[in-house]
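Please look at the model below and follow how two of its chains meet.

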Amino acid sequence: MSYSISLTVNGAQRRVQLDDPRVTLLDLLRERLDLTGTKKGCDRGQCGACTVLVDGRRINSCLALAVTLDGADISTIEGLADGDTLHPVQAAFIEHDGFQCGYCTPGQIMSAVGLISEGHAGDDPERVREGMSGNLCRCAAYHGITEAVVDATRRMAETTERKSA
Amino acid sequence: MKRFDYIRPVSVDDAVAAFRPGAAYLGGGTNLLDLMKIGVIQPDTLIDLGRIAELGPIEMLPGGGARVGALVRNSDLAYDRAFAAAFPMVAEAILAGASGQLRNAATVGGNLMQKTRCAYFQDPHSACNRREPGSGCAARGGDNANLAVLGWSDACIATNPSDMCVPLAALGAVVEVQGPAGKRDIPIADFHQLPGDQPETETALQPGELVIAIRLPTEAADFARNARYLKVRERTSFAFALVSVAAALKLDGQKIIAARIALGAVAAKPWRVTAAEDLLVGQAPTEEAFARAADALLEGARASGDNGYKIELARRAVIRALQMSAAGTPKRMPALPASPFGDVAEEHSHV
Amino acid sequence: MSDPVTMPIRFGSNSGQSVTRRDGVAKVTGRATYAADNHPDGMLYAVFAPATIARGRVTHLDTAAAKAHPGVVEVFTPQNRPPVVGDPDKKPFMFAIPLELLQDDTVRYAMQPIALVIGETLEAATEGARLLNPQYAAETPRTGMDAEAAKPAPSGPFGRPAEVVHGDTAAGLAKAVETLDVTYDTPAQYHNAMEPHAIVAKWDGDRLEIDTPNQAIVLSRAFYAYYLGIPADHILIRSPYLGGGFGSKAVPYSPLVLTIAAARVLDRPLKLVLSRSQMFGPVGHRGATRQRLRIGIDDQAQMTALDHVATAIVDSFDSSFPEPAAGASQGLYAASALRSALMVVHNDIGVPGAMRAPGEASGSAALECAIDEMAEKAGIDPLEFRLKNYADIEPGTGKPYSSKALRECYAKGAQRFGWAGRPLAPRQMVDENGFLTGWGMGTALFGAPMFAAQARAVLRPDGTGLVETAAADMGQGAWTALAQIAADSLGLPLDKVEFRSGSSDLPDGGVAGGSGHTATAGGALHAAGTDAIRRLGELAAADPASPLFGTGNQGFIPRDGRLYAARDESRSEAYADIIARAGGEAIEGKGSASRPPEDAGRYAMYSHGAVFAEVKIDPVLFQMRVTRLVGAFAAGRIINPKLAESQLMGGMIWGISFALHEEARFDKRTGRIMNSDLAGYHIPVNADVRGLEVMTVHEDDPHVNPLGIKGVGEIGVTGTVGAIGNAIWHATGRRIRHFPIRIEDLLAQD
Ligand SMILES: Cc1cc2nc3c(=O)[nH]c(=O)nc-3n(C[C@H](O)[C@H](O)[C@H](O)COP(=O)(O)OP(=O)(O)OC[C@H]3O[C@@H](n4cnc5c(N)ncnc54)[C@H](O)[C@@H]3O)c2cc1C
Ligand code: SF4
Ligand code: FES
Ligand code: FES
């Protein structure tokens, strides 16, 4: 049996023919769509390295079957920057050294983008820590990650204020 | 992972009609897909509930109860203002479980149905009566430090890992199910099964039945002002409970009019003993009274391995959770939901 | 005695700056390519089937079922194993371990590869491996510390002696006025870099290209060449980014070699990525230890003896890496007699190896807690006790330290933490929320080794630079810090220097391990840059048209792309101009670095540090949280403070992990690890980390190496574990003599 689904991936419409319903969103991105920015750290929802946004919400792409996502809008790390202009979260990760090896980083960043849009953590470091706890970092760049997310949250809020003013 | 057929019905009727032995219902997939990957569950058909609109809504019922569709995502429920205001400990329990990403995907029905985290259950190469009836229980005599101290049997000592189900049990939720034989209601107390000599029977669902909603009865909302969830863990977040407690009180000044308590991670189901709650009625909210309730709740507790410590830990956690609920539901969700460190965290909010 | 540094080392404006990572943009945009991101045309997927027993033989594999699965291309078992040339049971080189390449049906440990399945898709190969459903003739495995009587280790890792004795510890203990005799246990830990081991192997005739994360590319190339029977220069290893290594990615492991061999048979590129659970077996780990420490003090609280015996669990077929935990007691405290000894207990387990601060992490955990216990017995503040036993020369050997700013670390850390006024007795501090609060400290110590490396530096006709060495960036920041060093040696701003690294066709950058990579690869780069500048200077000095003509004997200062006469800065010329007139050919310099054996013998060389921890503990439930962690470290010259601090913080969080979380839990009956995933094998999450502060104390160390660099990669783990254990004691009054410390441990003593 073959399954045909359509996805919007980083703004681009894609039709995907799936010969196998077992393919997860993560493996679809990495092995079939050549979007390898999203990483696999556990394949079981335990590390957050595979975090992407589906319809604007952060999820673990390793625990989502691609076939179930027909019609979904998917954002990955590759689509976050605006050309050469980094997203504020990306810029903050560099500035606060929120990573070392960088392997967990795409997941951390997408998770942070999701967390910020959820709007429950604000710029309270403790809420950010809790909200980012689904993203393990073995290099243990947590200090910088928290600083980066807090900082990016503030900057993004300022930008929104300025725009609405 | 074994290959399977995939179908995506748009109504509950169609879903039920599509069911045949060997099929599995798919919610958010955060538990099912995981277990399929490691070869513990091998359905030949997946019936994706994801497009069934009728499973979607959260309804606040007139009079104070609520009805939550089985497909409501865990995070949507926890952050639903009206729901969280009426049932704060359910929201707190959900937010104390898993991670932000997982809660965005996980459904209420799937959470209710999630399997034990017993390491031997998760390992197809170990004996496990729950996974393979009659094969034995490798957890007995093995790595069982976080397994059951209540309601277990020689056949199985697994625990139910759900956080959400603990306050639901305390509040007497009702599970609405639909199957080939139609719809019925199952009180949550009867939903999860103790192992006995048939640990493979995990819930009261009949083959083909699916959860369509959970209902919180009117009186459950009476506890909103004094309701807490407490979860003791080995790391500050993103860890399953060693023990957890949902505790709610209805107070009239300094007197308890009604109490609800349930323990998580100690048995194959959330552990609720109404007799323990009754002991509190008419009492002042004191440590002594709470300790008596805790003892009653834990009556018959017994180590099933290297887990005797959980009995004392649970006793203490019950007392603490009751104290926390007596102190009142916090206005805002603690920064670290359900954590012993949750209420104090904000005072030191430097990075 | 002449100073070992013969040439004054110049530093330009790049070193010492907190430059952000040069690979930062690549990493935050997903463009950094890790091994598993590669996908050559025609590639197939490889998945290995792991043994699910720890000892015995495989009696049956259902290859028919696996092959019948749609998309499965081939199944390799001992019956049709892909041939290799080198003997997998031998150890061709130091650091190498015996491999399981399907040479027979023996199972030596759980998770050992017992078959390799190849599929058109990842899904097919994965299911094929599962369908093999192995049957075994299982034997009772040896598991745990009590599996057999401990025996003296034949030697320590890397051929180091298993026992080191200075003076008579028995006599020292006998004459002590107070003694301590305690035993601490540490568990088996698994590296679990976030990036699982991975390889993409592609053959072209007898030439091989592999993408694999590797901490020692050129060394590993020789290993691969040995197993595959091809010349090393037929192999190209690319490893531009490692998703963490921590010691586990320095040597080839069975699944990787097997995949390459299979790719040769199939003549198709193959990709293999270990699953998370497969990270618990064939790719190294930190062995469990049991450590007995005996300490004696005299009436001045000075140590008369420090006797540290560590028993380490090792595998049963190689045993070359007993976790050298007792070594941590050498080199730190001024005990009049010192003994450290290593014993082993054999288990049916994968070969242990170096894991971040090998030996020192587990050894320091036990030592620093024991020191705290001794201070308690002496009735002295633990910092004061450490100062009383401060070693100004290396205890035992009597060698001078190449540099040692530990006193400054103690002072700075204590000051920042607010250590003064800490009550001596435990269980004295309760915070405003009722949490038991405890303060503890530990000394951090790690050696400052150097390996050997080569590098090349080129000054291009346009005056920009190119530098090359096969270094490894596993997150420590080699892409940035090494470029900073190179830029300084070339007298160029960082953005005018291209740095090529992470590929085995470049000069050997040595091993990224032992916290010696910046010193070693950096030293080689610096020497290469200096060499290029020297050649440039020769050209200029000999060229009558150059303003620098005839200044050759005074030497030059390279700065911002211009060469200045050392004693007359009014005379200078741009690199590009010098090169243009000399015919426009790029100028090449070569350099190497290693530590002269004379220096190595003359000085004791260590990084030092002091770590102070605050824990808060629920007085009833005993859930714990480290709320503050302050570390002050002296590690020679810091090339990039931002990156160094990140590494030190990472190390300290590993300390939290060691103290409170990490542990492989074995089923004693089967020898299998029952928490071989990241839900069960806990490492800290973000919410476990707060109140972290790192300070560095500058040291000018002319002896460790010309650049004065020691290294910061591992030392953060040491000291921290003990500090946390001691803080837990201080909060609760309970000594838990094993790690990790759990709620149930504190509850049991309540
Ligand atoms: C790393 C990790 C950590 C976690 N930590 C926690 C934790 O701390 N606390 C906690 O409580 N949980 C935790 N979880 C578990 C998580 O809550 C569950 O995986 C989730 O709630 C399951 O919901 P789902 O919709 O994804 O279910 P699915 O995976 O879709 O389904 C789970 C099971 O329920 C069945 N099912 C689904 N929907 C229905 C329905 N409507 N009717 C009948 N059967 C149905 C499926 O067939 C399957 O057997 C964790 C999970 C992971 C992976
Ligand atoms: S405790 Fe239950 S789930 Fe675990 S191995 Fe035993 S039977 Fe299986
Ligand atoms: S790879 Fe998806 S959570 Fe780890
Ligand atoms: S940066 Fe290496 S795992 Fe997070």
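The model is predicted. Chain A and chain C meet through 48 residues of chain A and 60 residues of chain C. The size of an interface is often given as the accessible area lost when the parts come together. For chain A with chain C, this buried area is about 4200 Å², and carbon and sulfur atoms account for 55% of it.

Polar and charged interactions also link the two chains. Nine salt bridges are counted between chain A and chain C. In one that pairs A:Glu126 with C:Arg625, the closest N and O atoms lie 2.7 Å apart. Polar contacts between chain A and chain C number 30 residue pairs, with both residues at pLDDT 80 or more. On chain A, the elements giving two or more residues to the side that touches chain C are helix 1 (25–32), helix 2 (88–95), helix 3 (105–118), helix 4 (125–131) and helix 5 (142–164). By residue class, that side of chain A consists of 20 nonpolar, twelve polar and 16 charged residues.

The hairpin belongs to chain A. Strand 1 (residues 3–9) and strand 2 (residues 12–18) of chain A run antiparallel and are joined by seven bridges. Two residues lie between these strands of chain A in the hairpin. A:Val9 stands opposite A:Ala12 of strand 2, and in the turn A:Asn10 has a positive phi of about 50°. In a regular strand the side chains alternate between the two faces of the sheet.

Conventions
Residues are numbered from 1 along each chain as its sequence is written. Chains are lettered from A and ligands numbered from 1 in the order in which they are written. This is a predicted model: local features need pLDDT of at least 70, side-chain atom pairs count only at pLDDT 80 or more; totals for chains, interfaces and linings use all residues. Side-chain values use heavy atoms; hydrogens and water are left out. Contact means heavy atoms within 4.5 Å. Buried area is the accessible area (1.4 Å probe) that two parts lose on being put together, summed over both. A salt bridge is a side-chain nitrogen of Lys or Arg within 4 Å of a carboxyl oxygen of Asp or Glu. A polar contact is a pair of N or O atoms within 3.5 Å; within protein, one must be able to donate a hydrogen and the other to accept it, and residues adjacent in sequence count only if both atoms are side-chain atoms. Helices (H or I, at least four residues) and strands (E, at least two) are DSSP runs, numbered from the N terminus. Ala, Val, Leu, Ile, Met, Phe, Trp, Tyr, Cys and Pro count as nonpolar, Asp, Glu, Lys and Arg as charged, and the others, Gly among them, as polar. Two strands pair if DSSP finds at least two bridges between them.
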